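Visitor: I would like a close look at a single part of this model. Please go through it piece by piece.

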Amino acid sequence: MIRFDNASKRYPGGHEGISNVSFHMRPGEMAFLTGHSGAGKSTLLKLIGLLERPSRGQLMVDGRNLGKLGNHLVPYHRRKIGMIFQDHRLLHDRTVFDNVALPLVVAGVGHQEIGRRVRAALDKVGLLNHEKSLPVTLSGGEQQRVGIARAVVSKPPVVVADEPTGNLDPDLSREIMNLFMQFNSVGVTLLIATHDIALVNAMQQRVLTLHQGQLVRDTGSY
Amino acid sequence: MTRQRSSRKRSGAIAKSRPNAVQNWLLRHFQVMLAALGRLSQYPVSTLMTSTVIGIAVCLPAGMWTILDNVKQLSGSLDGAASISLFLQIDANEQQISDLQQRLLKRNEIADIQLISRDAALAEFRQLSGFGDALDLLESNPLPAVMVVMPSRQHSTPAASAILLQSLKTEPLVDIAQLDLEWVKRLSALTQVAFRAVLILGTVLALAVLLIIGNTIRLEIQNRRAEIEISKLVGATNGFIQRPFLYTGFWYGLLGGLTAWLMVTVSLWLLAGPAETLSLLYNSSFELNLPGFSASLVMIFSSTLLGVAGAQLAVSRHLHAIEPE
C-alpha cells in the first residue's frame, strides 16, 4: 500500500529531510514512526500526502507512483489519504459538521450522503452531539477527534497522523489510539508519527525509527 | 435476449445518471454562486463601496457613449439633407425668381426647390432671432429671398454637390450660393473624434475595473488563506477553490454594471430637460434618448465580464501560490 524505495527529500539550501528511506507497508497494516524532532517524521508523512515531492528515489502509494503524478492529479491523490495533524488544522469559523464535511464537499458528494456520512464519522469519534458547535468551544482532545473524523469521513484507504497525541494527556492519548485501532481493524492502512515511546511500546505494533533522516530501525510487521 | 435486455438496462442507467451528474454540477455551481452573494451581503458597506466604484468607472464611458450616440443620430438625419442655399439678389422681382425656379427644376441634378420669399424670411427671422422690435425700425426688408435647393439622390455626394454649387454660383440672379454641408461634416468629424476619445477612456477605465476587482479578490484570497490551504489538504482541485472567487468577481461586476446603468439613466433623465430647450433654440426636434435595451444589456454584460476577468486575474496570480504545509 505504501512503498518507499531509496526515497530522499532534500530541501532548498541543502537540508536533508529524509535520505534513502526504503520500507513497505501492506494494505491494512498499522505502524508507528518514531524519532527525535527533526528526524524527518513530518517530511515522510508529507511525502505520502504529496505536500512535498521526493527529490530522489521512488514512492508508491495505493498503486500510484507519486514521483510521476501530474500536479492536476494531486487533489485526487489527497482524497485517498486521510491526514491528521498535531494542530488539528480546523476551520475556526465553521461548525464541527462543516469541518468534517469538507472532504466530501470538495469531492462533490451529494447533500444527503454528506449528512449521513458526517454523522457516522462524528458518531465514531463520539462527538455526534457537538455537530453544531464551533471548534474553539471544544477541548484539545475533542478538536483532535474532529480532525480524525474529517480524515476518515471519506473512507480513505490510507490514514497518516503527525503527532496526533502531541498535546494530550496520557488518558486522552490512549483514547485516540483506541480509535486508530478501530479504523485499522476495518482495513485502513495507518502510519502514525509520534515521539511518545511509552505509548508506542504499549500498542505492540510495527515501529519505524528515523534518525537524522535515515531509517535506522524497522521492527517489521507484527 | 438476456444480453439485449441487460445492455438496454445499462444504457438506461447511463442515460439516467448523466442528467443527474449535470444536475448535480449545475446545482453545485448555483450553490457557490448564491454563497458568494451571501458572503458579499454579510459586508454590505464594503460591497456597496466596491460596486459603486466599479459603477462610476463603467458609467463614465457608457454615459458619454450614449450622449454621442444621440448626437450621431442627429447629424445622421441631417447628412442626407445636404442642401444648397441660394441667396438671391435683393432687387430680384417675383417673375425673375419664378422663371429661375422653373428653369432649375428642369435640371436633373436637382430634386426639389423650396422658396423662401423675402416676407417669409423676415417673418421667420422675427420669430427666431428675438430682434423683432429692432426690425420694426428698419424702413425696408433687408433680407433677400432664398432658394433652398435639394440635390437629387445621385448628386448628393459631397463632390457632386460641389460641382452643382459652382454651376449655381454663375446664375446672374444668385448673389451668394452656400453649401449647407460644411457644418454637418464638421459635426460628424467632431463626433468621430469624441467617439474615439470615449473608446480610449473606456479602455483605460476597463483596465481600472479589472485592477479594482483583481485587488479586492486578492485581499479576499488573503483573508481566506487558511480555508484554501485546508481545502487543498483534503483534496480540493484548483477549479473548486477558485469557483467562489470567480463568482464574487461576477457579482461585483454585475452590481457595478447595474449601478452604472442607474447612474447613466438618472443623469440622462436630468439632462433631458435642458437638452430639449437647447434643441428648440436650434429649431430642432432633437430629443435625448435613454440607453436602449440592448445598450443597457451590453453595459451590464461587459461590466460582469470585467468582474469575472478581474477575479480570474487575481486567482491565477495568487491562488496557485497557496499550498498547504
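What covers the buried residues of α8(B)?

Guide: This is a predicted model, in which local features need pLDDT of at least 70, side-chain atom pairs count only at pLDDT 80 or more, and totals for chains, interfaces and linings use all residues. Residues are numbered from 1 along each chain as its sequence is written, while chains are lettered from A and ligands numbered from 1 in the order in which they are written.

The cover of α8(B) includes α2, β6 (81-84) and α3 of chain A, together with α9 (238-281) of chain B. Element names follow DSSP runs, numbered from the N terminus: helices are H or I with at least four residues, strands are E with at least two. Helix α8 of chain B spans residues 225-233. Its buried residues are I228(B), I230(B), S231(B), K232(B) and L233(B). Buried means that 20 or more other C-beta atoms lie within 10 Å of the residue's own; 12 or fewer make it exposed, anything in between partly exposed, with C-beta atoms placed from the backbone. After α8(B) comes G235(B), with a positive phi near 100°.

Now the contact between the chains. It takes 15 residues from chain A and 14 residues from chain B. Two residues are in contact if their C-beta atoms, placed from the backbone, lie within 7 Å. On the side of chain A that touches chain B, the elements giving two or more residues are α2 (74-78) and α3 (96-106) of chain A. That side divides into nine nonpolar, two polar and four charged residues. Here Ala, Val, Leu, Ile, Met, Phe, Trp, Tyr, Cys and Pro count as nonpolar, Asp, Glu, Lys and Arg as charged, and the others, Gly among them, as polar. The model scores ipTM 0.91 and pTM 0.76.

Chain B has ten helices and four strands. Of its 325 residues, 25% count as buried. Take its contacts with a separation of 6 or more: residues 24 or more positions apart account for 85% of them. One such pair is N70(B) and L288(B), 218 residues apart in sequence and 6.4 Å apart in space, C-alpha to C-alpha. N70(B) sits in helix α2 (residues 44-79) of chain B. Beyond its neighbours within four places in sequence, N70(B) is in contact with L288(B) and N289(B). N70(B) is partly exposed, because 18 other C-beta atoms lie within 10 Å.

Helix α10 of chain B runs over residues 293-318, 26 residues in total. From first C-alpha to last it reaches 38 Å, close to the 38 Å expected at 1.5 Å a residue. The expected span is 1.5 Å times one less than the number of residues. Buried residues of α10(B) include M299(B), I300(B), S303(B), L306(B) and G310(B).

Chain B is divided into domain 1 (31-77 + 186-318) and domain 2 (83-179). Their centres, taken over C-alpha atoms, are 51 Å apart. Domain bounds come from an automatic or database domain assignment.

The contact between them takes 16 residues from domain 1 of chain A and 13 residues from domain 2 of chain A. On the domain 1 side, β7 (158-162) and α6 (170-185) of chain A give two or more residues. The largest share, five residues, comes from β7(A). By class, that side has eleven nonpolar, three polar and two charged residues.

Chain A also holds an open sheet of four strands, in the order β2-β1-β4-β5, with antiparallel pairing. Two strands pair if DSSP finds at least two bridges between them. The edge strands are β2 (16-25) and β5 (64-65) of chain A. Strand β1 (residues 2-10) of chain A pairs with β2(A) over six bridges. F4(A) has F23(A) as its bridge partner in β2(A). The two strands form a hairpin with five residues between them, and G13(A) in the turn has a positive phi of about 105°. Two bridges join β4 (residues 56-61) of chain A to β5(A). M60(A) is bridged to N65(A) there.

Last, confidence. pLDDT is the predictor's confidence in each residue, from 0 to 100. Chain B averages 84, and 90% of the residues score at least 70. Over residues 1-16 of chain B, pLDDT stays under 50, and the model has zero contacts there beyond four places in sequence. Where pLDDT is low, the predicted coordinates should not be read in detail.
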